[in-house]
Amino acid sequence: DEPLGALDPILRHHMQRELKSLQAQTDTTFIYVAHHQDEAFGLADRVCVMSGGKVVQLDTPENIYRQPTDSFVASFIGQINRLPSIEGAMLDLGDEGCVRVTRPGVNSKTGFGVRPEAVRLGKPQNDETASWLSGTVSDIIFRGPAFEVEVETAKAGRHMVVGLQCDLCPPNKGDSVVIHWPHDQTMQFQELDHDEA
């Protein structure tokens, strides 16, 4: 349970590699409890996400991140931009945006979201395969290897986060922008009621 919790980041990273090497050499199953998501994803072949003492999703790290089963997992693992409810294959917001999904939304119990690193600044080159929203830059946060650009969308009523690599020039606070992402990057999951989460 959190065996590396007291170590500084450099030593922790070194010990993670040592543990992976030891596990491969011994061909033994390790059960490792971690609250640090990067650590869990970096070490594990399979990750178990629990809530209220119950298993919510047991899967590979990539599937948990890219295909969360429900809104708890989607929000708990990494950052996510929550999107409006969509019934059908598209939410048309006129000149303020369009959100497309790979699989049609069935009802209000279907939740939608997109990870910040999938979102780009600027208009999409192909409107038929991309979702896009217009908005205003509300904040820019420097995160080391990337900027976190926060965009308030108008009609969608959403606060969206865009992950922007540091070699790209960020917009200014207050700028009007368009953001877009490939429609296949819009995740779908079961929407839980607050008392279920």
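Colleague: Why is Asp27 called exposed?

Modeller: Exposed means over 50% relative accessible area, buried under 20%, and partly exposed in between (1.4 Å probe, protein chains only). Asp27 has a relative accessibility of 70% and therefore counts as exposed. The model is predicted, with local features requiring pLDDT of at least 70 and side-chain atom pairs pLDDT 80 or more, while totals for chains, interfaces and linings use all residues. Residues are numbered from 1 along each chain as its sequence is written, and side-chain values use heavy atoms, without hydrogens and water.

Colleague: Why is Leu58 called partly exposed?

Modeller: Its relative accessible area is 47%, so Leu58 falls in the partly exposed class. Leu58 is located in strand E2 (residues 54–59).

Colleague: What makes Met50, Val55 and Leu58 a patch?

Modeller: A patch takes residues with over 30% relative accessible area and no salt bridge; nonpolar side chains (Val, Leu, Ile, Met, Phe, Trp, Tyr) are joined within 5 Å, like charges within 9 Å. A salt bridge is a side-chain nitrogen of Lys or Arg within 4 Å of a carboxyl oxygen of Asp or Glu. Met50, Val55 and Leu58 form such a nonpolar patch on the surface, with about 290 Å² of accessible area together. Areas follow the Shrake-Rupley method with a 1.4 Å probe; for residues, only the protein chains shown count as cover.

Colleague: Which residues touch the most other members of the largest nonpolar core?

Modeller: A nonpolar core is a set of buried Ala, Val, Leu, Ile, Met, Phe, Trp, Tyr and Cys residues joined through side-chain atoms within 4.5 Å. The largest has 20 residues, and Leu83, Val114 and Trp181 are among those touching the most other members. Strands E5 (97–105) and E8 (130–142) are among those that each supply at least two of its residues. Another core, of six residues, lies apart from it and includes Val47 and Ile77.

Key:
Helix = DSSP H or I, 4+ residues; strand = E, 2+ residues; numbered from the N terminus.
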